[in-house]
Amino acid sequence: MLVLSRQRDETIMIGDEIEITVVDIRGDKVRLGITAPTRIAVHRKEVYEAIRAENERASHLNAQMNSGDMDVLRRTLAPGPQRTPGKSRPRGISSLTNPPRAEPPPGDARTA
């Protein structure tokens, strides 16, 4: 690691395009001003590591999807059969809660 000493308002150049300026020094905290082209991402290290970890997790998930482990998830998320208009039941009522009535057996007193 290269270690440089700078005073407030002094600058370090990285290549021809990246400029880092010491803006303020308060106790053990240093504020830096960074000028870089927009194509170069600038992050605090903890943010950079979180982004990298998320990208690795996404690439593993993509590899699992390609290997067939995600078939269950695909089937779960797939849309069900299309419903016919006018045949929908009120919410919470199914054919199991209201079974169709059975015909009374022949000779039953209620049929007479």
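Helices (H or I, at least four residues) and strands (E, at least two) are DSSP runs, numbered from the N terminus. Arg 31, for example, has its place in strand β3. The model is predicted, so local features need pLDDT of at least 70 and side-chain atom pairs count only at pLDDT 80 or more, while totals for chains, interfaces and linings use all residues. Residues are numbered from 1 along each chain as its sequence is written, and side-chain values use heavy atoms, with hydrogens and water left out.

The strands are considered first. Two strands pair if DSSP finds at least two bridges between them. Strand β1 (residues 11-14) is joined to β2 by four bridges, and the two run antiparallel. Within this pairing, Met 13 has Glu 19 in β2 as its bridge partner. The hairpin formed by β1 and β2 has three residues between the strands, and Gly 15 in the turn has a positive phi of about 65 degrees.

On to the next pairing: β2 and strand β3 (residues 29-35) pair in the antiparallel sense over seven bridges. Here Ile 25 stands opposite Val 30 in β3, and Arg 26 stands opposite Lys 29 in β3. This hairpin has two residues between β2 and β3, and Gly 27 in its turn has a positive phi of about 60 degrees.

Where does Thr 21 lie? Thr 21 has its place in strand β2. Burial is judged by relative accessible area: buried means under 20%, exposed over 50%, and partly exposed in between (1.4 Å probe, protein chains only). Thr 21 counts as buried because its relative accessibility is 18%. Contact means heavy atoms within 4.5 Å. Not counting residues up to four places away in sequence, Thr 21 touches Asp 9, Glu 10, Thr 11, Arg 31, Leu 32 and Gly 33. Thr 21 and Arg 31 are 10 residues apart along the chain, and their C-alpha atoms are separated by 8.5 Å.

Asp 24 also deserves attention. Asp 24 lies in strand β2 (residues 18-26) and counts as buried because its relative accessibility is 10%. Leaving aside its neighbours within four places in sequence, Asp 24 is in contact with Arg 8, Lys 29, Val 30 and Arg 31.

Side chains of opposite charge can pair when their charged atoms come close. A salt bridge is a side-chain nitrogen of Lys or Arg within 4 Å of a carboxyl oxygen of Asp or Glu. A search of the whole structure finds eight salt bridges. In one of them, the side chains of Arg 8 and Asp 24 meet at 3.4 Å, N to O. Arg 8 lies in the segment before β1 and Asp 24 in strand β2, so the pair ties together parts that are 16 residues apart in sequence. Arg 8 counts as partly exposed because its relative accessibility is 44%.

Asp 24 forms a further salt bridge with Arg 26, whose closest N and O atoms to it are 2.9 Å apart. Arg 26 is exposed, with a relative accessible area of 61%.

Another salt bridge joins the side chains of Lys 45 and Glu 49 (3.9 Å, N to O). Both residues lie in helix α1 (residues 45-67), four residues apart, about one turn of the helix. Lys 45 is exposed, with a relative accessible area of 59%, whereas Glu 49 is partly exposed, at 41%.
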